[in-house]
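Student: I'm new to this one. Could you pick a single part and take me through it closely?

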Amino acid sequence: MKIDELKHAGLKKWIEEAVTLMTPDAVEVCDGSQAEYDRMIKILVDGGLATPLKKRPHSYLFRSDPSDVARAESRTFIASKNQDDAGPTNNWTDPDKLKKEMSDLYRGCMKGRIMYVIPFSMGPVGSNIAKIGVEITDSAYVVVNMHIMTRVGTKVLDVLGGDGFFVPCYHSIAKPLAEGESDNGKWPCEPDVNKKYISHFPDTYEIWSYGSGYGGNALLGKKCLALRIASVLARDEGWLAEHMLILKITNPEGKVKYMACAFPSACGKTNLAMLIPTLPGWKVETVGDDIAWMKFGADGQLYAINPESGFFGVAPGTNDHSNYNAMQSIRENTIFTNCGLTEDGDIWWEQIGHGAPGKEIIDWKGRSKPAPQDDKIPKGEGAEPIAHANARFTAPARQCPVIAAEWEDPKGVPISAFLFGGRRPATVPLINQSKNWIHGVFMGSITGSEITAAALDLAAGTIRRDPFAMVPFCGYHMGDYFKHWIDLGKKAEAEGHGDKLPKIFFCNWFRKDKDDKFMWPGYGENSRALAWVFDRCDGKDNCVETPIGNLPKPNAIDPPEGVSAGAMAELCSVDIEGWKKEIADVRQNHYPKFGDKLPKELYAELDAIEKRLNG
Ligand code: OXD
Ligand code: MN
């Protein structure tokens with residue numbers, strides 16, 4: 001499609017301005033077809049950027065530049081007009097100054113390249129919870145990934161119509177080509193991390209990204225739109241955009257519930273979303289593995305959609321035991337980035353479940369290495385893994401063997417429970433239900449993981465708080481974000497729908513014993529905690545009230561093999577002294593960061609819990 005054929009005058013104007021600024025050699029509006037995907041892949045293979053994988057149909061391996069391997073948090077900006085709106089967890093910069101600085105960089109940045117215009121829908125096309133974005137990019141890699149991760153093409157333009165709302169997203173890899181120059185197999189980007197920009201303009205709902213071609217920096221539908229800008233839209237419009245997986249759980253009687261769960265990165269979100277229950281008769285299916293958008297229906301119930309249509313999962317550590325369903329999801333039609341390449345033409349990574357076949361393997365930097373005999377992470381001086389620790393797979397969600405039939409239902413799925421969790425070797429019990437909505441918001445606000453000795457800037461044992469797992473992704477002041485959560489609960493109660501609010505839980509799969517061994521096996525065994533949550537949502541009398549919340553009654557959760565009755569009791573009890581320290585840490589080190597914007601209701605929760613612990 002040509003720009004002239006676009007019906008939306010605002011969209012047309014915005015693209016024309018970008019063309020004038022970035023001076024690409026040509027412009028293509030993406031239609032989202034398989035033919036377009038195949039054409040892009042051919043460009044990438046012919047250009048030496050993608051390697052077809054003999055062992056996986058229609059699957060390709062890419063190797064990025066070593067400077068371009070992860071989200072660039074230090075270069076991620078929330079440029080609100082008012083500095084105070086960005087809050088203490090974001091990098092703020094003045095929007096006018098930033099736009100000027102970036103416009104200078106964008107000038108001529110697409111010379112020698114094609115500008116692809118990608119109209120995409122976050123969420124099923126036409127759903128009243130979905131939103132439309134348009135990304136312009138000079139990266140064919142971005143186009144193919146967006147095809148998998150979002151719904152792309154003409155059907156989106158049809159819904160947008162002549163004057164619909166869209167989030168405009170600029171993206172450039174910042175590598176114009178001179179006459180006759182080509183990428184020649186080298187991942188194009190701005191290699192100086194300090195010259196990359198992932199910018200958000202919350203007042204105008206815009207995204208400008210420059211210099212990186214990787215993941216969340218470049219696939220702008222994901223973290224930039226579906227979380228940072230969407231969190232602002234959600235605040236302004238009265239809904240929730242959250243860093244949560246969505247799972248469907250069915251009990252042995254065939255009754256179904258949906259749960260949305262927030263965990264900081266590296267806590268096994270994708271694994272929980274695709275869990276295979278060890279509890280007989282129970283079934284878990286996947287609706288989403290990373291992001292949930294939720295709106296209240298006219299019936300007062302909260303409905304969630306997964307705004308994405310693919311998984312952009314971390315490859316290392318994924319294996320048939322940790323996530324069998326993810327391994328099945330990536331058998332074909334999958335894009336791999338920064339994995340190892342085996343002699344027989346397959347991908348490989350550390351902790352994939354087996355050593356690499358053959359004598360040699362190509363590592364993520366493109367170097368030939370001896371094929372590892374086992375899948376352990378290499379340790380010691382100078383040891384380098386074959387796959388980058390943040391190597392990824394991009395796979396269509398429909399390929400997941402346990403994708404729920406209703407995962408694309410435009411009206412969403414009704415949420416019964418929220419779970420918050422992190423890596424907490426001590427103090428935090430296996431599962432704990434909040435006493436009410438505000439206590440639940442309190443739980444979300446203190447979420448975090450304990451720092452191990454390996455972390456750079458914090459002492460071991462310190463809790464790195466990641467409220468609601470949203471610290472890298474909230475597009476505004478987190479104090480206001482907590483208030484937004486509190487207000488939504490109050491509104492539902494005022495409207496007589498308090499009983500329909502999801503119940504809120506705090507979980508911890510990562511408790512350790514005195515010998516530093518995990519007390520809980522995790523993975524499929526987490527179904528035991530989910531089953532307890534399920535029954536709590538139905539009001540089953542299976543809990544005891546404690547100062548920190550409602551914990552499972554003794555014997556309410558059958559211990560899995562290898563967990564003694566004593567360990568189970570410890571996992572489900574209150575560590576009074578540990579919680580006193582926790583409360584003191586929140587009071588002294590965590591809440592003050594949010595200044596006056598920390599809702600008074602949360603200080604009141606802190607006081608109430610402290611009183612109960614002392615009582
Ligand atoms: C992700 C993350 O990539 O949370 O999903 O970091
Ligand atoms: Mn995530």
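**The second largest cavity**

Tutor: Let's go to the second largest cavity, whose lining is made up of Ser-231, Ala-234, Trp-239, Leu-240, Ala-241, Glu-242, Tyr-476, Tyr-481 and His-484. (A cavity is a set of points on a 1 Å grid where a 1.4 Å probe fits but cannot get out, and lining residues have an atom within 4 Å of a point.) This is a predicted model, where local features need pLDDT of at least 70, side-chain atom pairs count only at 80 or more, and totals for linings use all residues. Numbering starts from 1 along each chain, chains are lettered from A and ligands numbered from 1, and side-chain values leave out hydrogens and water.

The space amounts to about 30 Å³, taken as what probe spheres set on the points would fill. (Helices are DSSP runs of at least four residues, strands of at least two.)

The largest has a volume of about 50 Å³, and H10 provides the largest share of its lining, three residues. Among the residues around that largest cavity are His-439, Phe-442, Met-443, Phe-506 and Trp-579.

How values were computed:
On a 1 Å grid over the protein atoms alone, a cavity is a set of points where a 1.4 Å probe fits but cannot get out, and a pocket is an open set with protein on both sides within 12 Å along at least five of seven lines; lining residues have an atom within 4 Å of a point.
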